[in-house]
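Here are a few notes to read with the model open beside you.

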Amino acid sequence: MSPTKKSKLWAVSVVFSLIIALVGCNTNTSPTISNSKSGSPNDNQKVAVIVSTLNNPWFVVLADSAKENATKLGYEAVVFDSQNDPAKETAHFDNVIASGYSAVLFNPTDADGSIANVRRAKEAGVPVFCMDREINATDAAVSQALSDNYSGCVALGQHFVKELGESGTYVELLGLVGDNNTRNRSDGFHSVVDRYPELKMVAQQSADFDRAKALEVMEPILQANPDINAVFCGNDAMAMGAYQALLSAGKDKAVKVFGFDGADDVVNMIKEGKIVATGMQFPKLMAQTAAESADKYLKGDRNIPQKVPVAVELVHQGNASQYGNFGKADSE
């Protein structure tokens, strides 16, 4: 064989060997694109936060905290505002069930009326976790994180008697009629105050937990009862409305106002001596509890208590400096 032919055969052999080597490398090398998901194990799971109303700073904090905690746990979280309207709440549940949400963090509009929505979600495989407000069923929501409203208002009633003494006249502004919180707060308050026959309630009316409604309701009550000594309000929004009515009537210094929630505006007014006391409900803690319960459930944990009580703390002029930002000031 001539040297030229040998050279050509050697070149072909080298090229063929290189091709075999390259094919072998590609066969044994792992793919550069992985099918595994990146990020949180909860990516692509959505959690709905359905709240009774965003027309109240306290519920805004509850909703924002629920969304924040769900997001930290790796879920996409969306807030829905029911505007205290059961029909809107039902529409939100229709949307959530149809859109493939994994769970609902829920603040109901009505203790009885909201049960059907929760049961529909359960039947569709969407677990519901109530926060702050309860529903009157133990077989619908997975869990309910609730303030101890009754005990909180027992403490408020005791402080009410301490401030007024054992005689005087007062007005009570109630929240939403269909909400268990309304009844529990009123019952806790009256369990104390009704022991004193000289403490007389001259008017009791619903203001729907709403500041503007409380102002509207309070004005004619003041005209009919100009010499009242105090107003007990089922939440802080109504306490603010009642205070505004008293201020307009020039009676803000003569009439003691009591609220319930722990809203920042009211805590600051207690510090200023404008409102006497409120009950701190800790909305951030309830929202965190609901979000963490939902996360555990979605990961397979079924050992979740049906009701999780959250203690209420009395806030008054002697300790108001310890509170702020809808909780304990030193814990924020």
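**Notes on the salt bridges**

1. Start with Asp139 and Arg119, whose side chains form a salt bridge, with 2.8 Å from N to O. This one ties together distant parts of the chain: Asp139 is in the loop between β4 (128-131) and β5 (143-147), while Arg119 belongs to helix α4, and the two are 20 residues apart. Keep in mind that you're looking at a predicted model.

2. How open is this pair? Asp139 is partly exposed, at 41% relative accessibility. Arg119 is partly exposed too, at 35%.

3. Now find Asp94 and Arg120, another salt bridge between side chains, at 2.8 Å from N to O. Here again distant parts of the chain are linked, since Asp94 sits in helix α3 (residues 86-98) and Arg120 in helix α4 (residues 115-123), 26 residues apart. Asp94 comes out as partly exposed at 40% relative accessibility, and Arg120 as partly exposed with a relative accessible area of 29%.

4. Then have a look at Lys253 and Asp252. Their side chains also make a salt bridge, at 3.5 Å from N to O. Which of the two is buried, and which is exposed? Lys253 is exposed, because its relative accessible area of 80% is over the 50% cut-off. Asp252 counts as buried, because its 13% relative accessibility is under the 20% limit.

5. Why do such pairs turn up? Side chains of opposite charge can pair when their charged atoms come close.

Notes
Residues are numbered from 1 along each chain as its sequence is written. This is a predicted model: local features need pLDDT of at least 70, side-chain atom pairs count only at pLDDT 80 or more; totals for chains, interfaces and linings use all residues. Side-chain values use heavy atoms; hydrogens and water are left out. A salt bridge is a side-chain nitrogen of Lys or Arg within 4 Å of a carboxyl oxygen of Asp or Glu. Helices (H or I, at least four residues) and strands (E, at least two) are DSSP runs, numbered from the N terminus. Buried means under 20% relative accessible area, exposed over 50%, partly exposed in between (1.4 Å probe, protein chains only).
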